[in-house]
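Q: I have a new model to read. Can you take me through it feature by feature?

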Amino acid sequence: MKISNITVYKVKPRWIFIKIDTDEGISGWGEMVSGTKTETVVAGAKEMGNRILGKNPFDIERIWQRLHRSFFRGGPINGTIISGIEMALWDIKGKALNVPVYELLGGAARDRIKVYSWIGGDRPSDVVEMAQQRWDKGFRAVKMNATSEMHYIDTLDKVDAAVERVASIREKFGDKMSIGIDFHGRVHKPMAKVLAKALEPYRPMFIEEPVLPENEEYYEQIANEVSVPIATGERVYTRWGFKNIFKQGAVDIIQPDISLCGGLLEERKIAAMAEAYDMAIAPHAPYGPVALAATFQVDACTPNMFIQEQSLGIHYNQGFDLLDFVKNKEIFQYKDSFVDIPKGPGLGIEMDEDKIKDVAQQGLVWTNPAWENYDGTIAEW
């Protein structure tokens, strides 16, 4: 079997799908991260894809090493392109062998996967109403952004507003609803300590990206201030990017993104390293259906995975949602905050390519929001 063709689709709301065909008629799907450099990712995928035409798609590790080990390696652009390609290769291999990918990564370590749902939007509001909607649908875990823009030193009313939102959910549902709070790297070290301490009494499931990953040396300081588990990792790629996090030991939960960190096998390797350091994994997956299906495959065979982000109904999905490009929609059916481990071969997802082609003709223009603080300085989104 040889790789014969590679096609890239840009589709609304903010997804980039890659399809790899083989000379034996078996095709695989992957997904890459869009955002501020969508056209760069698409061009890079085509350029890097040309390097693997004619190769055996079963040689996943060899292809991964070939693509990763360039002289100038790493970075989010290379990371997401390699991840998308690797994802599609596993889909091909699983389909060719007629088994789910997790069977090739050690087999199932669990019977089902716990999931959580997003509420509140980029600038969080109406969180109790949205939490009630998720509760009525069976979810027992939610995640919300802690705050919107926040300066290096900011006013305490923003802290009070964040506390009020979390407190309102805790008062409504008690301890029956787990609450993840995403600082989203928007909060700088001085205010991160203040905000984390103020939220601690409401016993969050975790606080996520309390500071930007490039400021990882402060995780330890925040961990010494509060007892809340700290989570991070969505912007970190490859196992080498996680080395200092593991060595430091302050983070409790890592959140690699399968569309950025290097793909399925790389995420499994990162998870195994985390297990050796007694850390949990809660993979980042707010994008499209292929990335989530691929993440489920790693979840199924990873014992230290405790909860999974999923994007059905997330505030970014305007116009199209997770199920719109998927034929076998049952793979994303959630019940009582759980989803069954995948059963189908490959990634277990059947994509509607005709609809993908149709929507791709509409074009894709989506960028991360650009925010400013009250004084006109650039704020982290």
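Q: Which residue lies over the face of tryptophan 135?
A: A charge counts as over a ring if NZ of Lys or CZ of Arg is within 6 Å of the ring centre and within 35 degrees of the ring normal. Here arginine 140 lies over the face of tryptophan 135, at 3.5 Å from the ring centre. The charged end of arginine 123 sits over the ring of tryptophan 371, 4.3 Å from its centre. This is a predicted model: local features need pLDDT of at least 70, side-chain atom pairs count only at pLDDT 80 or more, and totals for chains, interfaces and linings use all residues. Residues are numbered from 1 along each chain as its sequence is written, and side-chain values use heavy atoms, with hydrogens and water left out.

Q: How many residues of strand 5 are buried?
A: Strands (E, at least two residues) and helices (H or I, at least four) are DSSP runs, numbered from the N terminus. Buried means under 20% relative accessible area, exposed over 50%, and partly exposed in between (1.4 Å probe, protein chains only). Strand 5 spans residues 141–145, and five of its five residues are buried. Ala141, Lys143 and Asn145 point one way, Val142 and Met144 the other.

Q: Which strands pair with strand 5 in the parallel sense?
A: Two strands pair if DSSP finds at least two bridges between them. Strand 4 (residues 112–118) pairs with strand 5 over two bridges. Strand 6 (residues 178–182) pairs with strand 5 over five bridges. Take valine 142: serine 117 is a bridge partner, and isoleucine 179 in strand 6 stands opposite.

Q: What unit do strand 5, helix 5 and strand 6 make?
A: A crossover is right-handed if, with the strands pointing away from the viewer, the path from the first strand over the helix to the second runs clockwise. Strand 5, helix 5 (residues 156–173) and strand 6 make a right-handed β-α-β unit.

Q: How many aromatic pairs does the structure hold?
A: Rings of Phe, Tyr and Trp (its six-membered ring) pair if their centres lie within 6.5 Å; planes under 30 degrees apart count as stacked, over 60 as edge-to-face and the rest as tilted. The structure holds 15 aromatic pairs. One of them is stacked: tyrosine 9 and tryptophan 29, 6.0 Å centre to centre, with 25° between the planes. Tyrosine 9 lies in strand 1 and tryptophan 29 in strand 3, so the pair ties together parts 20 residues apart in sequence.

Q: Which residues do ring pairs link into a cluster with Tyr9 and Trp29?
A: Trp15, Phe17, Phe320 and Phe325.
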